[in-house]
Amino acid sequence: FSAVAVFQGQLYIAERIHQKVHQHDLRAEESITLYTNEDIADLKVNHVSLQPAQTSTCSQNNGGCDHLCLLSTGPLGFSCACSNGLVLAPDSKTCVEPELSLLV
């Protein structure tokens with residue numbers, strides 16, 4: 001074996017020699033071959049439940065933005081934006097209809 005991982009009752013085995021990845025259900029004791037490729041080097045399980053919990057300015061109350069809260073590298077860490085047809089008000093958070101201006 002070149003790599004082994006266990007996740008949610010499943011055992012995953014990567015075989016470098018046979019170039020296969022197997023999944024074995026530890027409860028039902030059933031196995032299947034998931035993948036066959038000549039370039040298997042490693043095995044890693046990625047799942048949303050394994051990701052670190054993170055919060056951002058936009059995750060609480062949409063950052064105070066009326067429509068869209070966009071993460072940025074600016075001093076606040078976010079900026080607000082509006083849906084099509086609307087513009088950002090001077091408070092940089094509220095979306096309003098643009099004022100009509102006539103050119104004569």
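Strand E1 covers residues 3-7 and E2 covers residues 10-15; strands here are DSSP runs of at least two residues, labelled E and numbered from the N terminus, while helices are H or I runs of at least four. The two strands pair in the antiparallel sense over five bridges, where pairing asks that DSSP find at least two bridges between the strands.

Two residues sit between the strands of this hairpin, and Gln8 takes a positive phi near 45°.

## Two loop residues with positive phi

Let us move on to Glu29, which is not a glycine and yet has a positive phi of about 55°. Glu29 belongs to the loop between strand E3 (20-25) and strand E4 (30-36). Its relative accessibility is 63%, so Glu29 counts as exposed; the classes are buried for under 20% relative accessible area, exposed for over 50% and partly exposed in between, with a 1.4 Å probe and protein chains only.

Asn61, also not a glycine, has a positive phi of about 55°. Its loop runs between E4 and strand E5 (68-71). Asn61 is exposed, with a relative accessible area of 69%.

## The chain as a whole

Stepping back, the protein chain holds eight strands and zero helices. Its C-alpha trace spans about 75 × 30 × 30 Å along the principal axes. The radius of gyration is 25 Å, whereas a compact globule of 104 residues would have one near 13 Å; this radius is taken over C-alpha atoms, and the globule rule is 2.2 Å times the number of residues to the power 0.38.

Buried residues make up 23% of the 104 residues. Of the contacts (heavy atoms within 4.5 Å) between residues at least 6 apart in sequence, 19% join residues at least 24 apart.

## Notes on the model

Residues are numbered from 1 along each chain as its sequence is written, and side-chain values use heavy atoms, leaving out hydrogens and water. In this predicted model, local features need pLDDT of at least 70 and side-chain atom pairs count only at pLDDT 80 or more, while totals for chains, interfaces and linings use all residues.
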